Amino acid sequence: METKVTNTKRNEFSKKIQSKSNNHFKSNIQKNEDKLSEILFITSYPPRECGIATYSEDLIKALNNKFQRSFSIKICALESEFEKHNYSNEVKYILETDKQNSYLQLAEDINENKSISMVLIQHEFGLFRTNEEDFIQFLKSLKKPIVVVFHTVLPNPNLTIQKMVQEIDNCTNSFIVMTKASSKILVEDYQIDQDKISVIPHGTHLVEHSNKDVLKEKYGVAGRKIISTFGLLSSGKCIETSINALRTIVKKHPDVLFLVIGKTHPTVVKNEGEKYRENLEARITALQLNKNVKFINQYLPLDELLEYLQLTDIYLFTSKDRNQAVSGTFSYAISCGCPIISTPIPHAVEVLENGTGIIIDFENPKQLAEQVSHLLDDEQLRKEISSNGIHKLAPTAWENSAIAHALLFENISNKNIELHYKIPEINLNHFKNLTTKFGMIQFSIINQPDINSGYTLDDNARALVAMCQHFELKNDENDLVYINKFFNFIRFCLQPEGYFLNYVDENKKFTKQNSENLADSNGRAIWALGYLVSISDLLPTELADNAKKTLQLSLGNVCKIHSPRAMAFIIKGIYYNNIKNYSEDNINILKHLADKLVQMYKHENDENWHWFESYLTYGNSILPEAMLCAFLATNNQVYKEIAKTSFDFLLSKIFKNNVIKVVSNKGWLHNNNELHQEIIGGEQPIDVSYSIIALSKFYDAFHEEDYLQKMEIAFSWFLGKNHLNQIIYNPCTGGCYDGLEDTYINLNQGAESTVSYLMARLTIEKYIKVKVKKTPQKYSKSSLINQEVIS
């Protein structure tokens with residue numbers, strides 16, 4: 001590598017910056033109370049067309065969408081004499097990488113700006129080619145924490161490259177790489193301390209996985225088997241490998257169409273024009289493959305690119321660069337459900353294992369042709385590889401990448417950064433997709449409703465509550481269609497004897513599962529009916545009257561129920577019904593059930609255990625919330641005391657270190673047994689949702705700030721504040737994943753989890769929109785109230 005400056009010049013360079021910065025820098029960065037800490041991203045940036053520019057744009061967008069009141073991101077765009085652009089307002093600085101004075105000026109500006117708390121640099125060797133020494137001196141002169149992201153980590157480096165990376169290490173607080181292989185190389189070949197290295201995989205986009213045939217029709221390729229590749233075109237992509245393989249593939253599969261998506265890399269165009277593309281076109285003509293290859297010579301908008309990838313049957317990655325650490329194009333394709341065939345770059349080797357894809361040798365068209373033909377002949381195998389790939393890359397969603405970066409920022413910011421998750425907008429898409437003319441489908445395969453799973457009263461009762469909440473908030477007449485639908489489903493499940501059945505198959509027939517354990521389902525139905533009656537002033541008269549009649553029919557046998565949670569749901573239903581439809585007989589039923597819970601509590605209560613049972617299981621917060629509802633309906637102080645004591649006891653068990661960890665379904669928590677704290681995983685969205693609903697009710701009753709703060713903590717569980725630091729709620733689909741396990745998220749987005757999230761989200765929306773407007777002085781201390789809600 002070329003050395004641009006002498007030792008004398010380097011010393012002068014450092015002295016200039018040091019003299020400028022001494023008067024403006026303090027060793028401990030002081031947080032400006034009136035301004036968020038700034039993180040300066042030094043990176044290539046759009047409209048520059050390169051992989052790192054796109055990567056940075058996606059990452060910054062994800063960080064800004066994921067967090068608020070946490071930090072402010074500023075951008076310094078990388079330019080050169082031959083690479084100039086007009087930028088948006090978010091770009092505050094320019095670094096001309098081929099000019100020493102530009103490094104000098106930028107270092108001065110950063111050191112003088114007290115708001116900048118850290119600097120993150122997207123590093124690629126080509127970005128600083130011929131000016132590496134200036135770059136090193138720039139790092140040495142900065143008086144802020146530095147994070148360097150290595151997009152390329154070269155194995156077996158020569159002494160010059162090794163020394164340069166080690167000098168970067170001397171100036172840097174932390175490194176980010178995108179593969180475990182890159183981390184290993186940094187440690188073994190460059191002697192970088194493992195503790196300084198964070199592995200954060202290349203981000204991927206969440207997609208809704210639209211119907212492949214519909215997309216093929218949209219883009220004019222219906223009836224074709226689509227093979228594709230995308231990215232800025234250059235000889236390193238080795239597209240000729242795929243074209244040579246295609247000659248064999250089309251003999252057996254003449255309907256194949258190979259899409260080469262992407263314009264030629266700007267640097268390639270500048271140096272050699274379109275020579276590479278023209279050579280490919282000539283080869284295609286010579287092999288008589290013109291009907292089987294299509295060039296899409298554009299830098300496609302993201303939404304269009306993701307649709308092309310979703311209609312793809314097989315994605316090819318044929319790079320011949322043995323040292324390419326990671327590929328964003330490769331990541332995007334997997335997240336779109338493409339079965340992948342790839343050459344063995346480190347990224348591919350790590351990801352395409354255990355049935356997530358196929359590896360072939362570099363520049364081997366024969367192997368490629370064999371594997372493509374094999375996949376085209378086996379649709380089930382393509383589906384399995386697609387599903388495995390989606391599950392494997394789920395943790396790499398940009399939302400999760402943003403969380404990983406933000407946690408690193410928080411860790412090295414000297415407490416200048418405190419993370420606050422942004423509340424997503426309300427999204428009913430998946431909720432509605434799960435709903436047929438009959439009711440809400442029980443399960444989903446990822447985000448595709450599985451009609452074979454049938455329906456349950458449980459899900460439709462919760463869905464009715466959620467839609468009533470939404471109607472209260474939005475007064476959207478379209479909600480009445482869903483309210484009627486879920487109400488009619490509940491009536492369908494009501495038997496002449498006055499009790500409900502729970503399980504209904506796709507043909508609207510009750511299943512054999514209805515032979516036992518129906519008490520809780522009956523309780524949920526009564527809760528939903530009571531909630532529906534509570535908004536009767538907003539409903540058509542006929543619907544309100546039918547809801548009241550149905551509720552009364554369902555209360556005939558409830559005093560025989562002994563399940564504590566069923567009794568709790570019934571108490572809640574009567575409480576809500578009582579708001580608009582007071583009945584002394586119903587209040588007597590409520591008292592009867594509440595007194596049963598009181599007796600259970602007194603039987604189990606001791607010095608260290610303030611609960612209704614000798615163990616904590618599922619849906620725990622329903623019990624103290626029901627006691628609170630019983631108190632609000634009767635003013636019985638015993639109910640109030642037990643509600644408060646038991647709820648605070650529960651909170652002490654599920655809130656630890658500013659994070660909620662509900663009781664795992666892998667093992668209940670028994671009296672005098674803390675072993676559940678060692679159980680990781682098995683956390684269900686429904687338990688977190690019920691906790692949020694109860695916290696809201698207790699805050700309204702007792703106005704204790706701690707309840708409000710715990711609402712924010714609990715809701716952040718859905719957004720990534722959990723032991724995996726991964727999202728549970730999918731903002732792309734509007735669905736919620738089915739569970740948080742020990743090492744993974746269950747990606748299926750069934751009715752229970754999706755409706756549970758929506759109830760929690762609507763509870764917080766109602767609280768912010770309604771309660772704060774009434775008495776804002778009560779909520780001024782809570783960070784939840786200061787959330788900027790997008791809806």
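The largest cavity of this predicted model is lined by 17 residues. Leu206, His209, Ser335, Ile390 and Tyr737 lie nearest its centre. The volume of this cavity is about 180 Å³. Its lining divides into nine nonpolar and eight polar residues, with no charged residue. In total, the structure holds seven cavities of 30 Å³ or more.

Aromatic contacts were examined next. The count comes to 36 aromatic pairs. One of them joins phenylalanine 71 and phenylalanine 409. The ring centres of phenylalanine 71 and phenylalanine 409 are 6.2 Å apart, and the planes stand at 90°. Planes over 60 degrees apart count as edge-to-face, so the pair of phenylalanine 71 and phenylalanine 409 is edge-to-face. Phenylalanine 71 lies in the loop between helix 2 (51-66) and strand 2 (72-79), whereas phenylalanine 409 belongs to helix 16 (residues 398-412). The pair therefore ties together parts that are 338 residues apart in sequence. Phenylalanine 71 and phenylalanine 409 are both buried. They also belong to one aromatic cluster, formed by Phe41, Phe67, Phe71, Phe409 and Tyr421.

Another pair consists of phenylalanine 647 and tyrosine 707. Here the ring centres are 5.8 Å apart and the planes meet at 45°, so the pair is tilted. Phenylalanine 647 sits in helix 25 (residues 637-654), and tyrosine 707 sits in helix 27 (residues 705-719). Parts that are 60 residues apart in sequence are therefore tied together by this pair. Both phenylalanine 647 and tyrosine 707 are buried.

Lysine 485 lies over the face of tyrosine 482, at 5.1 Å from the ring centre. Arginine 565 lies over the face of tyrosine 618, at 4.9 Å from the ring centre.

Notes. Residues numbered from 1 in each chain as written. Predicted model: local features only at pLDDT ≥ 70, side-chain atom pairs only at ≥ 80, totals over all residues. Heavy atoms only, no water. Phe/Tyr/Trp six-rings, centres within 6.5 Å; stacked < 30°, edge-to-face > 60°. Helix = DSSP H or I, 4+ residues; strand = E, 2+ residues; numbered from the N terminus. Buried < 20%, exposed > 50% of the residue type's maximum accessible area, 1.4 Å probe, protein only. Lys NZ or Arg CZ within 6 Å of the ring centre and 35° of its normal. 1 Å grid on protein atoms, 1.4 Å probe; cavity = no way out; pocket = protein on both sides within 12 Å on 5 of 7 lines; lining within 4 Å. Points joined across faces, edges and corners; volume = space filled by probe spheres on them. Nonpolar A, V, L, I, M, F, W, Y, C, P; charged D, E, K, R; others polar.
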